[in-house]
Amino acid sequence: LIVSGDSWRYFAQKSAPATGWNNTAFTESPDWASGPSQLGYGNDGERTPLPFGSDPANKYITAYFRKSITIPNPAAFQSFTLRYKRDDGIILYLNGVEIRREYMPAGAVGYGTLASQ
């Protein structure tokens, strides 16, 4: 359903995106850029390098990603396999519901929440 090289929307700035960014009804503003996967900071074969910000001593610490897909016949599937790469913390959402968390503290997190490892 999603393959390497598919286009993703991303928000990599010195702030958090608008509330509700992880919900299906959210509409990305022009502040959301797009590019093919793999997305990242340019040290592992990324096709879309993310910005760090203009101050090397005060780099952006959080990036947000969105990908919309349509499944024509959801009843035909019993399960899905999710594969991803990350080198710090990650929280994954599906239709606004958290489905996976790694190296992030429990509870509410925000733009400035650092990964635990």
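1. How many aromatic pairs does a search of the whole structure find? The search finds seven, where rings of Phe, Tyr and Trp (its six-membered ring) pair if their centres lie within 6.5 Å, planes under 30 degrees apart counting as stacked, over 60 as edge-to-face and the rest as tilted.

2. This is a predicted model, in which local features need pLDDT of at least 70 and side-chain atom pairs count only at pLDDT 80 or more, while totals for chains, interfaces and linings use all residues. Residues are numbered from 1 along each chain as its sequence is written, and side-chain values use heavy atoms, with hydrogens and water left out.

3. Phenylalanine 11 and tyrosine 64 form an edge-to-face pair, at 6.4 Å centre to centre and with 70° between the planes. Because phenylalanine 11 lies in strand E1 and tyrosine 64 in strand E5 (residues 64-66), the pair ties together parts that are 53 residues apart in sequence; strands are DSSP runs of at least two residues, numbered from the N terminus. Both phenylalanine 11 and tyrosine 64 are buried (under 20% relative accessible area, with exposed meaning over 50% and partly exposed in between, for a 1.4 Å probe and protein chains only).

4. Tryptophan 21 and tyrosine 93 are also an edge-to-face pair, at 5.7 Å centre to centre and 85° between the planes. Tryptophan 21 is buried, at 18% relative accessible area, whereas tyrosine 93 is partly exposed, at 31%.

5. Ring pairs join Phe11, Trp21, Phe26, Trp32, Tyr64 and Tyr93 into a cluster.

Note on methods. Helices (H or I, at least four residues) and strands (E, at least two) are DSSP runs, numbered from the N terminus.
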